[in-house]
Amino acid sequence: MEARSLIDMTLVSGAIEPCVNPGIAISSDKPNNGVSGQPIKRKKAMTSLYLKYFETASDGKTRRCKFCKQSYSIATATGNLGRHLNNRHPGYDQVSDTAEVGPHTTLANASSARSLSHTHSISKPQSPIQAKPQIDLDLVNWFLLKFVINACLPFSTLEDNSFINSYKFLNPTAKIWPREQAEAVTLQVFQTMQEDIRALLQNVSSKISLTLDFWTSCEEMLYMSVTSHWIDDTWHMHKMLLDICHIAYPCSGPKILYALTQVISSFDLDTRIISCTTNNSQQAGHACQLLMEQMDSQKRPFFYIPCGAHALKMILEGGLVHLKPILSKIREFVIEINSNCDVLEDFKQMVALYQEGPLKFPIDTSATWNGDFTMLDLVRKAPNAVDNTMKKREETIAGCSLTLSPSEYSAINILHQFLDQFYKTTSNLCTTKVRTVGLVLFFIDHIVELITSCRDESCQDWFKTLADDMCNRTRSFTGQVYNGFTFMCAILDPRIKRELVPDVLNSDKNLEEARGYYVREYSKNNHFIVIPSNGFVGAHESGCSSGIENTDAVSFAEEIARKRRRSSISLTKDELSQYLVEPPAAMTTDVLDWWRANSARFPRLSIMARDLLAVQGTSVEPDELFTSRGEDLHKRRYCLPFADVRPILCINSWMQSGYRFRLGSTEIDFDRKKIGGKQVVQC
């Protein structure tokens with residue numbers, strides 16, 4: 001008997017040898033009694049393990065694959081059905097009934113291996129069936145859940161048939177959790193991880209600052225995220241999302257305040273928060289003012305700071321109003337360059353011909369400040385290449401003329417030179433490690449001086465009008481942000497101190513207010529020892545009573561107390577004065593590294609610095625407002641439905657902060673592909 005390829009074989013009940021093509025009659029080796037040498041051809045009942053993966057249609061004419069629903073004629077050989085399973089659904093079976101064939105084994109090698117296996121099976125007993133490694137189907141669902149959360153996809157993704165079939169193709173036995181189960185598990189993970197965050201915050205010894213961010217989803221639902229910031233004992237900055245709250249329509253200050261106080265109470269932060277930085281909306285400002293009044297009534301210092309990044313964005317929008325139509329034309333052209341290879345090649349040839357540039361491709365076309373400035377920068381660097389390519393391709397690009405007029409080129413040149421300083425400012429803010437209040441005010445003050453000087457020097461009426469509008473927007477922000485608290489935060493930045501604080505803010509009144517705050521909040525004596533006239537020492541902390549009742553003893557104790565108070569105030573003033581009299585550090589200095597190295601010289605002032613340097617000058621990361629990263633974040637948050645927003649975005653943020661999936665006491669270790677019971681480990 002000749003060897004036959006395994007791929008063409010099937011399992012036949014009661015047969016000694018496998019057949020070449022199931023469904024064809026098998027030849028007997030015994031001669032016919034009547035006719036010598038003529039074998040008898042007879043039909044045998046054929047059954048194949050392949051058939052259980054196919055279902056027969058009601059008309060009895062076709063078979064359909066249970067995995068991908070592909071149909072075959074009822075007369076199709078089971079060998080062909082086997083090929084379909086092997087090619088389209090590898091790993092469809094959990095047990096190998098024949099020789100093992102690796103994923104990289106060729107068809108010829110597979111055939112030889114199976115033929116050899118069949119040859120040995122005639123003379124030797126078959127080796128026992130070997131089971132393939134079992135796949136933890138629960139772990140598959142955990143990985144799937146992680147994918148949904150990392151990509152910020154709605155849980156309805158799990159109900160998509162194409163998505164389900166993709167997983168079935170990889171592992172036909174895998175059963176994906178239904179949407180309801182995935183949502184329930186995610187909610188439990190959210191609650192477990194939130195408890196971890198709550199426990200972490202209980203061990204924070206410094207003051208905590210909050211930032212608020214707001215956005216609207218595709219369902220027209222308004223959300224607010226609450227994020228905490230603090231500096232630990234080793235002078236490392238920490239940022240942790242606390243919660244995401246829905247603000248009911250219509251949005252108002254009291255509604256924001258209610259949601260914010262709920263988050264503060266749930267994390268037991270009532271006595272430890274020192275400030276809140278939020279966007280410059282009227283409702284958010286009203287909520288923070290109400291919270292400040294509540295804190296003042298409880299004798300707890302609390303301050304509200306408007307966001308410097310939002311203020312800068314608002315100022316820039318005023319500067320770009322005149323250029324909006326011009327920017328739209330340039331953006332149409334650049335989008336065509338990025339998407340059309342022929343236009344791109346023409347443009348590159350023009351750039352080389354006129355020796356313009358350098359340019360970086362693809363060009364940023366995002367509807368952000370960075371994208372807008374990139375449009376201006378392109379025309380500024382390669383005006384001839386832009387003009388000639390526009391003229392050559394004006395019929396194929398956008399179906400209309402995009403060529404810029406001389407007056408438009410003039411406006412671009414004027415505003416590009418003016419806005420270049422803004423671009424450098426936003427780029428610096430986006431890349432700065434620690435955006436202190438002092439640094440943000442330093443940049444805002446620079447912008448104020450720039451706008452004023454350019455307005456006074458310009459001869460263009462339209463530019464003067466534009467600059468006046470930008471000045472008004474700047475004054476609206478500085479009127480809210482310039483106060484004694486921001487002065488304190490600013491001078492504790494060793495790069496800023498009093499030398500680089502804006503002149504309007506740098507007053508003796510604010511300095512005295514700062515001194516008073518230091519003395520009041522950070523120079524209290526925790527242990528006060530009274531020495532009575534009888535010679536015994538009574539410690540207040542031990543709860544012992546000295547029995548002093550006479551006025552002489554009380555006067556003596558009061559005298560000691562006054563001396564200690566004066567000494568404490570003098571020491572505090574000396575630390576602050578010594579710190580301020582020293583020259584500022586270089587602007588390239590790492591603020592936290594500086595205080596880590598100098599905290600021993602300023603033991604009390606360093607505690608103030610640890611609290612106040614954690615106060616944020618911006619309510620969001622600046623690159624979320626000025627670069628395409630903000631567009632990506634908006635797309636992810638915008639599409640999530642109400643039920644999915646809170647758990648998905650919170651868990652996503654916590655994982656980025658170093659926390660792993662944990663359900664109760666069970667940790668999901670994705671790196672080791674294990675479902676274990678170890679306590680979650682922070683990175």
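Ser225 is buried, with a relative accessible area of 9%; buried stands for under 20% relative accessible area, exposed for over 50% and partly exposed for values in between (1.4 Å probe, protein chains only). The model is predicted, so local features need pLDDT of at least 70 and side-chain atom pairs count only at pLDDT 80 or more, while totals for chains, interfaces and linings use all residues. Residues are numbered from 1 along each chain as its sequence is written, and side-chain values use heavy atoms, with hydrogens and water left out.

Ser225 is located in strand S9 (residues 222-231); helices (H or I, at least four residues) and strands (E, at least two) are DSSP runs numbered from the N terminus. Neighbours within four places in sequence set aside, Ser225 contacts Thr211, Leu212, Asp213, Trp215, Leu241, Asp243 and Ile244, where contact means heavy atoms within 4.5 Å.

In the protein as a whole, 23 helices and 17 strands are present. Of its 683 residues, 44% count as buried. Among contacts with a separation of 6 or more, 67% are accounted for by residues 24 or more positions apart.

His84 belongs to helix H1 (residues 78-88) and counts as buried, at 4% relative accessibility. Its side chain makes a polar contact with the side chain of Tyr72 (2.9 Å). A polar contact is a pair of N or O atoms within 3.5 Å; within protein, one must be able to donate a hydrogen and the other to accept it, and residues adjacent in sequence count only if both atoms are side-chain atoms. Not counting residues up to four places away in sequence, Tyr72 is one of the residues touched by His84, along with Phe54, Cys65, Cys68, Gln70 and His89.

Glu356 is found in the loop between helix H10 (341-354) and helix H11 (369-381). Glu356 is buried as well, with a relative accessible area of 15%. The side chain of Glu356 reaches the backbone nitrogen of Ala385 at 3.1 Å. Asn384 is 28 residues from Glu356 in sequence, and the two are 8.1 Å apart in space, C-alpha to C-alpha.

Two helix pairs were examined. H11 packs against helix H13 (residues 406-431) at an angle of about 135°, with the axes 9 Å apart. Axes are lines fitted to C-alpha atoms, for helices over the stretch in contact, and angles run from 0 to 180 degrees between N-to-C directions. H11 and H13 are therefore oblique to each other; angles under 35 degrees count as roughly parallel, over 145 as roughly antiparallel, 65 to 115 as roughly perpendicular and the rest as oblique. The contact involves Trp369, Asn370, Phe373, Leu376, Asp377, Val379 and Arg380 of H11, and Tyr409, Ile412, Asn413, His416, Leu419, Asp420, Phe422, Tyr423 and Thr426 of H13. By class, nine residues of this contact are nonpolar, four polar and three charged; Ala, Val, Leu, Ile, Met, Phe, Trp, Tyr, Cys and Pro count as nonpolar, Asp, Glu, Lys and Arg as charged, and the others, Gly among them, as polar.

The axes of helix H14 (residues 437-457) and helix H15 (residues 461-481) come within 9 Å and cross at roughly 155°. H14 and H15 are therefore roughly antiparallel to each other. Their contact comprises eleven nonpolar, three polar and four charged residues.
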